[in-house]
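Biologist: I'd like to learn how to read a model like this one. Could you take me through it a feature at a time?

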Amino acid sequence: MRCANRSRTEVLQDVAGYATQAHITAADGCAGVARSGVKPTAGPSVMICMDPPRYGFAGLPATEHANAFRVLVRVLAVAGTRRHTPTTALASAPHR
């Protein structure tokens with residue numbers, strides 16, 4: 001992320017808001033962390049894998065902002081895929 005520290009905080013708040021709206025789960029968080037390339041012991045990784053996930057990424061030290069952004073983007077991708085993949089029960093239900 002290449003922007004001023006103040007802008008990084010605002011971006012992280014916005015992206016964390018999207019994660020909240022996506023109703024991510026701890027499983028989404030763990031899968032996203034695995035795909036992000038960020039260590040599972042890094043602050044953002046631990047926060048997103050909690051049950052329920054924590055979203056205070058903007059409060060992390062500035063050195064963690066890039067990692068938080070990487071984790072959040074990957075977690076949103078996982079959650080989006082989960083939410084847009086029909087479950088077996090819904091896929092077999094008759095369409096009206």
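Biologist: Which backbone oxygen lies 2.8 Å from a polar atom of the side chain of Ser 45?

Modeller: A polar contact is a pair of N or O atoms within 3.5 Å; within protein, one must be able to donate a hydrogen and the other to accept it, and residues adjacent in sequence count only if both atoms are side-chain atoms. Here, the backbone oxygen of Lys 39 lies 2.8 Å from a polar atom of the Ser 45 side chain. This is a predicted model, where local features need pLDDT of at least 70 and side-chain atom pairs count only at pLDDT 80 or more, while totals for chains, interfaces and linings use all residues. Residues are numbered from 1 along each chain as its sequence is written, and side-chain values use heavy atoms, with hydrogens and water left out.

Biologist: Is Ser 45 buried or exposed?

Modeller: Buried means under 20% relative accessible area, exposed over 50%, and partly exposed in between (1.4 Å probe, protein chains only). Ser 45 has a relative accessible area of 0%, so Ser 45 is buried.

Biologist: Where is Val 75, and what does Val 75 touch, not counting residues up to four places away in sequence?

Modeller: Helices (H or I, at least four residues) are DSSP runs, numbered from the N terminus. Val 75 sits in helix H4. Contact means heavy atoms within 4.5 Å. Beyond residues up to four places away in sequence, Val 75 touches Ile 24, Asp 28, Gly 29, Gly 32, Val 33 and Ile 48. Val 75 and Val 33 are 42 residues apart along the chain, yet their C-alpha atoms are separated by 7.0 Å.

Biologist: At what angle do the axes of H2 and H4 cross?

Modeller: Axes are lines fitted to C-alpha atoms, for helices over the stretch in contact, and angles run from 0 to 180 degrees between N-to-C directions. The axes of H2 and H4 come within 8 Å and cross at roughly 125°. Angles under 35 degrees count as roughly parallel, over 145 as roughly antiparallel, 65 to 115 as roughly perpendicular and the rest as oblique, so H2 and H4 are oblique to each other.

Biologist: Which residues touch the most other members of the largest nonpolar core?

Modeller: In soluble globular proteins, nonpolar side chains tend to be buried together. A nonpolar core is a set of buried Ala, Val, Leu, Ile, Met, Phe, Trp, Tyr and Cys residues joined through side-chain atoms within 4.5 Å. The largest one here has 19 residues, and Leu 12, Ile 24, Ile 48, Phe 57, Val 71 and Leu 72 touch the most other members. H4 gives the most to this core, with five residues.

Key:
Helix = DSSP H or I, 4+ residues; strand = E, 2+ residues; numbered from the N terminus.
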